[in-house]
Amino acid sequence: MRNRDQASRERIGRLSMTEQPTTPEYDDGLSTVMRGLLTAFENLGAEHQALTEEETDTTAMERRGTVRRMIQSIADAGRSLAHSVDLVATVYGLRELGVSKQMAKGADGSDYSPLLTVGGSEEKLYDAAMCIEATTQRLAEAYKQTKKYPVLAKARRPQEMRTVLSSLRGALTGLSAEMAARGLTEGSAEFEPCIAKLDELETRACTDVPAQTPEPTADAVTAAILANPAIARAAAAALELTTA
């Protein structure tokens, strides 16, 4: 019994030296993609928070509606981005476990095709890229200019949003390289429009927002009218124009 146990330990020792799994080169690429996605997701929070606070402080209904639409678009972008993180993590895990398009087996040991194929990581890579494109589209909707309030189409936290957009660009470039290396795409041309959109958003939306003049309260307007007859006459004339 002792000899058999010793032989088992020796065999395990040889396996530990010769059969240790090595980290494939493509894992480095996926790790870089994941870091980019997580960085984008983390920095998206400051923008959503700033817009939420702005909505609370805004009294003009139409302007408030524009800000609310921006908040919803940022939230939708966050959901798409979170889904892309899950997809990349799944691909990474499948590769680490060595699972790739595993098929069920028939009684004779051959592949049995009527059942599902397990571990199709290539499809999930493409889905992750599509999620980044969806995220970019939601961000473009958030900063779409309106005729009445074009100045609102700016990032409230430009530094964080620059990080979001540049991180998305890097992640999509990395995914494109992963897919091209596996023959899933012919190159980066398919994603060039999305990358160009990220560049355009960074240039247009990530500038400092001009300081907004606070809207006077009703009490302040009343006090000004009572204190200055000229203001009272101007207010009366304005009311006549609106009711004419």
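Buried means under 20% relative accessible area, exposed means over 50%, and partly exposed lies in between (1.4 Å probe, protein chains only). This is a predicted model, in which local features need pLDDT of at least 70, side-chain atom pairs count only at pLDDT 80 or more, and totals for chains, interfaces and linings use all residues. Residues are numbered from 1 along each chain as its sequence is written, and side-chain values use heavy atoms, with hydrogens and water left out.

**Whole chain.** Show the protein chain as a cartoon. The secondary structure comes to 8 helices and 2 strands; helices (H or I, at least four residues) and strands (E, at least two) are DSSP runs, numbered from the N terminus. Their order from the N terminus is α-α-α-β-β-α-α-α-α-α. Of the 244 residues in the chain, 32% are buried.

**Helix H3.** Select residues 61-97, which form H3. This helix of 37 residues reaches 54 Å from its first C-alpha to its last, close to the expected 54 Å. The expected span is 1.5 Å times one less than the number of residues. Next, select glycine 98, which follows H3 and has a positive phi, near 75°.

**Helix H5.** Select residues 158-181. H5 has 24 residues and spans 35 Å between its first and last C-alpha, close to the 34 Å expected. Glycine 183 follows H5, and its phi is positive, near 70°.

**The core.** A nonpolar core is a set of buried Ala, Val, Leu, Ile, Met, Phe, Trp, Tyr and Cys residues joined through side-chain atoms within 4.5 Å. Select Leu37, Val88, Leu139, Tyr143, Met161, Leu168 and Leu175: of the 44 residues in the largest nonpolar core, these touch the most other members. H2, H3, H4, H5 and H6 each supply at least two residues of this core. H3 gives the most, with 10 residues.

**Methionine 161.** Which residues does methionine 161 touch, not counting those up to four places away in sequence? They are Leu44, Glu47, Leu139, Tyr143, Ala155 and Cys206. Contact means heavy atoms within 4.5 Å.

**Asparagine 43.** Move to helix H2, where asparagine 43 lies. Asparagine 43 is buried, with a relative accessible area of 18%. Leaving aside neighbours within four places in sequence, asparagine 43 is in contact with Glu160, Thr163 and Val164.

Finish with cysteine 194, buried at 8% relative accessible area, and cysteine 206, buried at 3%. How many disulfides does a search of the whole structure find? The search finds 0, a disulfide being a pair of cysteine sulfur atoms within 2.5 Å.
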